[in-house]
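I opened this entry to keep a record of what I looked up, residue by residue and then overall.

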Amino acid sequence: MIGAVRARLAGRTAGEVAGLVAKNIAYGLRRLSPGAAAARRRSMAFDLRWGTDTTTLANLSELSVDRARARHGVRYQPSNGEALRWAVAAAGVEPAGCSFVDYGCGKGRIVMMASALGFARSVGVEFAPELCAVARANARRFVERGGAAHAPEIVEGDAGAYLPPAGPAFAYLYNPFGPVVLAEVVAKLEAHAASGAPVWVAYVDPRHPELFAAERWAIAARQDGAVLLRAR
Ligand SMILES: C[S@@+](CC[C@H](N)C(=O)[O-])C[C@H]1O[C@@H](n2cnc3c(N)ncnc32)[C@H](O)[C@@H]1O
């Protein structure tokens with residue numbers, strides 16, 4: 001426990017440590033609210049239904065990830081799927097004609113849901129090998145139990161280096177990393193769009209929306225805690 005805390009704080013400035021402490025206190029307080037308790041119950045319902053393991057959080061300090069990259073990353077915590085359903089409906093895309101990519105897919109809940117929605121390909125990119133292993137086991141169980149016809153693909157690697165599949169792409173980001181890695185992802189999505197493919201981005205808990213420059217991205221829809229963007 002103390003070792004894990006030390007690993008999390010290693011190399012950080014006093015300001016960064018203070019920011020982390022404040023963030024954890026705010027997070028603890030939010031977890032106590034009735035809304036948060038209801039969201040936790042909905043979150044656990046997915047695992048109860050499919051026999052998967054997507055609810056438990058994982059800190060990057062406990063995972064075999066590149067430490068320099070982990071400094072820009074956010075720990076694993078799952079989306080509940082509501083923003084995904086909202087964004088796909090708001091985009092009006094036909095999933096069968098589009099690839100889906102979850103950047104920082106963790107244990108794979110969102111890519112399983114995207115497979116169930118019928119996306120032509122559903123890809124999860126994750127840099128923590130331990131989380132990839134859990135995501136692959138989850139995906140197998142999900143398909144065995146009839147959750148989707150095809151299992152999502154789990155790609156082990158850094159999101160900043162990943163190139164989306166050819167053709168229309170729907171990207172999903174649940175605040176997975178800070179601006180350094182996000183800028184790399186956005187640049188690759190912009191290059192993809194420049195090749196003529198339609199590109200949508202569902203950005204959930206959007207902490208760095210300024211990286212989607214207005215000349216290249218239009219806001220297609222917005223709701224509390226999420227924004228849907230379309231490459232121009
Ligand atoms: C907030 S969780 C989101 C999980 C999942 N997308 C969801 O919505 O349920 C962020 C995830 O991003 C992963 N991550 C952080 N930095 C990454 C990077 N540079 N490359 C790939 N994955 C990364 C973390 O390991 C973690 O699993």
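I began with Val-181, which is buried at a relative accessible area of 4%. The model is a predicted one, and I read every entry below with that in mind.

I placed Val-181 in helix H8, which covers residues 179-194. Next I listed its contacts, leaving aside neighbours within four places in sequence: Arg-69, His-72, Asp-158 and Gly-160.

**Ligand**

A polar side-chain atom of Asp-158 lies 3.3 Å from a ligand nitrogen atom. I then looked for backbone atoms placed against ligand nitrogen. A backbone N or O atom of Gly-104 is 2.7 Å from a nitrogen atom of the ligand, and for Phe-127 a backbone N or O atom is 3.4 Å from a nitrogen atom of the ligand. How much of the ligand does the protein bury? Taken alone, the ligand exposes 600 Å², and the protein buries 100% of that.

I counted the shell next. The ligand is surrounded by 24 residues, and the closest are Ser-79, Asp-102, Gly-104, Glu-126 and Ala-159. By class, the shell divides into 14 nonpolar, six polar and four charged residues.

**Helix H6**

I checked how far helix H6, residues 109-117, is enclosed. Seven of its nine residues are buried, so helix H6 is largely enclosed by the rest of the structure. I wrote down the buried ones: Arg-109, Ile-110, Val-111, Met-112, Met-113, Ala-114 and Ser-115. After H6 comes Gly-118, with a positive phi near 95°.

**Pro-95**

Gly-118 came up again when I looked at Pro-95. Not counting residues up to four places away in sequence, Pro-95 touches Val-88, Leu-117, Gly-118, Phe-119 and Ala-120. Pro-95 sits in the loop between H5 and strand E1, residues 99-103. Is Pro-95 buried or exposed? Pro-95 counts as buried, because its relative accessibility is 11% and the cut-off for buried is under 20%. I also noted Ser-122, which is 27 residues from Pro-95 in sequence and 9.8 Å from it in space, C-alpha to C-alpha.

**Gly-73**

Another loop I looked up is the one between helix H4 (67-70) and helix H5 (82-91), where Gly-73 lies. At 26% relative accessibility, Gly-73 counts as partly exposed. Apart from neighbours within four places in sequence, Gly-73 is in contact with Leu-60, Pro-176 and Phe-177. From Gly-73 to Pro-179 I noted 9.6 Å between C-alpha atoms and 106 residues in sequence.

I went through two residues here. Most residues other than glycine have a negative phi. Asn-175 has a positive phi, near 25°. Asn-175 is in the loop between strand E4 (169-174) and H8, and is buried, with a relative accessible area of 11%. Asp-205 also has a positive phi, near 55°. I found Asp-205 in the loop between strand E5 (199-204) and strand E6 (217-223). Asp-205 counts as partly exposed, at 26% relative accessibility.

**Cysteines**

How many disulfides does a search of the whole structure find? The search finds zero. Cys-132 is in no disulfide, and the nearest cysteine sulfur, that of Cys-105, is 5.9 Å away. Cys-132 is buried, with a relative accessible area of 0%. I looked up Cys-98 too, and Cys-98 counts as buried at 4% relative accessibility.

**Whole protein**

The protein has eight helices and seven strands. Of its 232 residues, 44% are buried. The protein exposes about 11,300 Å², of which carbon and sulfur atoms supply 58%. Among contacts between residues at least 6 apart in sequence, 67% join residues at least 24 apart.

Note on methods. Residues are numbered from 1 along each chain as its sequence is written. This is a predicted model: local features need pLDDT of at least 70, side-chain atom pairs count only at pLDDT 80 or more; totals for chains, interfaces and linings use all residues. Side-chain values use heavy atoms; hydrogens and water are left out. A residue is near a molecule or strand if one of its heavy atoms lies within 4 Å of it. A polar contact is a pair of N or O atoms within 3.5 Å; within protein, one must be able to donate a hydrogen and the other to accept it, and residues adjacent in sequence count only if both atoms are side-chain atoms. Accessible areas come from the Shrake-Rupley method with a 1.4 Å probe; for residues, only the protein chains shown count as cover. Ala, Val, Leu, Ile, Met, Phe, Trp, Tyr, Cys and Pro count as nonpolar, Asp, Glu, Lys and Arg as charged, and the others, Gly among them, as polar. Helices (H or I, at least four residues) and strands (E, at least two) are DSSP runs, numbered from the N terminus. Buried means under 20% relative accessible area, exposed over 50%, partly exposed in between (1.4 Å probe, protein chains only). Contact means heavy atoms within 4.5 Å. A disulfide is a pair of cysteine sulfur atoms within 2.5 Å.
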